[in-house]
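Please look over the sequence and the structure below. The paragraphs after them go from the whole chain to a few single residues.

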Amino acid sequence: MLKSILRRFPVKLVVILVLFFTSSCLSLKTIPTSNIAELQRGRKYLKIHSEDSLWLIDQYKVRDNILSGRIIRNTQPIPVLRKADVYIPSSQYVKISDGILSIPLENIGKVDYKFVDAFMAISFISLTLFVLIFIPLMFP
């Protein structure tokens, strides 16, 4: 009996660890480029990705179909829920002058950001409670 319990222990442990590490409360949402101005309410920073280059801007605005913002050099991590990612196919569309980055909206490929998904949060909490309640039964 002890041998069968010891054989099942690693399998159960792996299943529990897989469930914990594959669950997340954040989801990714992609928005049209015309809605970038609406991001300012919840997203203070934009992370601009272009080929091998990466810029971080704040105080951004959209005027005359051009996205512009002040480039910042940040040494501290920015919370995921305070930034959005903007992807540009080529860095030739990016103009930088006096610390201000400008990009025409038609050259932006994709804009996405992460948000807290209530369904995922509820399922993660439920899964955690399930494991905590039934763990004594799984490992006698």
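What follows starts with the overall layout and then turns to strand pairing and one lysine.

This is a predicted model, in which local features need pLDDT of at least 70 and side-chain atom pairs count only at pLDDT 80 or more, while totals for chains, interfaces and linings use all residues. Residues are numbered from 1 along each chain as its sequence is written, and side-chain values use heavy atoms, without hydrogens and water.

The chain has 2 helices and 8 strands (DSSP runs numbered from the N terminus: helices are H or I of at least four residues, strands E of at least two). From the N terminus, their order is α-β-β-β-β-β-β-β-β-α. Of the 140 residues, 28% are buried (under 20% relative accessible area, 1.4 Å probe, protein chains only).

Strand β8 (residues 110–116) runs antiparallel to β1 (residues 26–31), joined by 6 bridges; strands pair if DSSP finds at least two bridges between them. Here L26 has V116 in β8 as its bridge partner. Strand β8 also pairs with β5 in the antiparallel sense, over 3 bridges, and Y87 has K110 in β8 as its bridge partner. K110 also lies over the face of Y87, 5.1 Å from the ring centre (the criterion is NZ of Lys or CZ of Arg within 6 Å of the centre and within 35 degrees of the ring normal).

K83 belongs to strand β5 (residues 83–88). Is K83 buried or exposed? K83 is buried and has no salt bridge, the nearest side chain of opposite charge being D85 at 5.4 Å; a salt bridge needs a side-chain nitrogen of Lys or Arg within 4 Å of a carboxyl oxygen of Asp or Glu. Beyond neighbours within four places in sequence, K83 is in contact (heavy atoms within 4.5 Å) with R43, Y45, K47, I78 and Y113.

Notes
Buried means under 20% relative accessible area, exposed over 50%, partly exposed in between (1.4 Å probe, protein chains only). Lys and Arg count as positive and Asp and Glu as negative; His and the chain ends are not counted.
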